[in-house]
Amino acid sequence: AANHSPHLGIGILRENYDKWERRVPLCPEHVQAFLARHPNCQVVVQPSPNRVFSTQDYEQVGAKVQEDLGDVDLILGVKRPKTMENLPSNKTYMFFGHVIKGQTENMPLLQECLDKKIQLIDYECI
């Protein structure tokens with residue numbers, strides 16, 4: 001039987017928690033290596049004027065740049081989004097959520113995740 005890798009879509013969030021945040025969860029070099037090893041997969045990047053790498057840097061390595069992350073399975077960020085309001089439901093997200101200690105200011109984020117059936121993998125816990 002042929003060995004087919006499953007189609008996986010990875011999304012990269014635009015960082016919006018702090019206006020000065022320039023970090024990324026995956027740099028273009030990592031995206032290129034991932035897509036070379038998994039040609040049936042896709043990486044979708046939300047555009048951002050602040051990111052340390054340009055939109056063109058991601059496009060040149062095969063990522064799709066668009067606002068909508070609805071077709072991906074796993075959505076990566078560095079810091080938690082300001083709100084999950086405009087983000088897709090029923091997905092898996094990875095970012096620093098800072099919810100594990102039960103801080104009052106972060107409980108609305110956790111509730112939004114529960115309401116939207118989001119599986120949250122907090123970097124603090126792995």
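## Basis of the model

Contact here means that heavy atoms lie within 4.5 Å. By that definition, residues 24 or more positions apart account for 65% of the contacts in the chain with a separation of 6 or more.

The model is predicted: local features need pLDDT of at least 70, side-chain atom pairs count only at pLDDT 80 or more, and totals for chains, interfaces and linings use all residues. Residues are numbered from 1 along each chain as its sequence is written, and side-chain values use heavy atoms, with hydrogens and water left out.

## The chain as a whole

The chain holds 3 helices and 6 strands. Helices (H or I, at least four residues) and strands (E, at least two) are DSSP runs, numbered from the N terminus. Read from the N terminus, the order of the elements is β-α-β-α-β-β-β-α-β. The C-alpha trace spans about 50 × 40 × 25 Å along its principal axes. The radius of gyration, taken over C-alpha atoms, is compared with a globule rule of 2.2 Å times the number of residues to the power 0.38. For 126 residues a compact globule would have a radius near 14 Å, and the 15 Å of the chain agrees with this.

Of the 126 residues, 40% count as buried. Buried means under 20% relative accessible area, exposed means over 50%, and partly exposed is in between (1.4 Å probe, protein chains only). The mean positions of the 14 positive and 16 negative charges are 2 Å apart. Lys and Arg count as positive and Asp and Glu as negative, while His and the chain ends are not counted. Each charge is placed at NZ of Lys, CZ of Arg, CG of Asp or CD of Glu.

## The loop between β2 and α2

S48 and R51 can be read together. S48 lies in the loop between β2 (42-45) and α2 (55-60), and R51 is found in the loop between β2 and α2. S48 counts as buried because its relative accessibility is 12%. R51 is buried as well, with a relative accessible area of 7%.

The side chain of S48 reaches the backbone nitrogen of N50 at 3.2 Å and the backbone nitrogen of R51 at 3.4 Å. These are polar contacts, that is, pairs of N or O atoms within 3.5 Å; within protein, one must be able to donate a hydrogen and the other to accept it, and residues adjacent in sequence count only if both atoms are side-chain atoms. The side chain of R51 in turn reaches the backbone oxygen of Q46 at 2.8 Å. Leaving aside neighbours within four places in sequence, S48 is in contact with R14 and T55. With residues up to four places away not counted, R51 touches I12, L13, R14, R22, V24, V45, Q46 and Y58. R51 and R14 are 37 residues apart in sequence and 7.9 Å apart in space, C-alpha to C-alpha.

## Other loop positions

D18 is placed in the loop between β1 (9-12) and α1 (28-37). At 13% relative accessibility, D18 counts as buried. D18 and P81 are 63 residues apart in sequence, and their C-alpha atoms are 9.2 Å apart in space.

N90 has a positive phi of about 55° although it is not a glycine. N90 sits in the loop between β4 (74-79) and β5 (92-96) and is exposed, with a relative accessible area of 54%. K117 likewise has a positive phi of about 55° and is not a glycine. K117 is found in the loop between α3 and β6 (119-122), and its relative accessible area of 60% makes it exposed.

E112 lies in helix α3 (residues 107-115) and counts as partly exposed at 21% relative accessibility. Leaving aside neighbours within four places in sequence, E112 is in contact with T83, M84 and E85. The side chain of E112 reaches the backbone nitrogen of E85 at 3.3 Å.

F96 lies in strand β5 and is partly exposed, with a relative accessible area of 31%. Leaving aside neighbours within four places in sequence, F96 is in contact with V78, K79, R80, D122, Y123 and E124. F96 and K64 are 32 residues apart in sequence and 24 Å apart in space, C-alpha to C-alpha.
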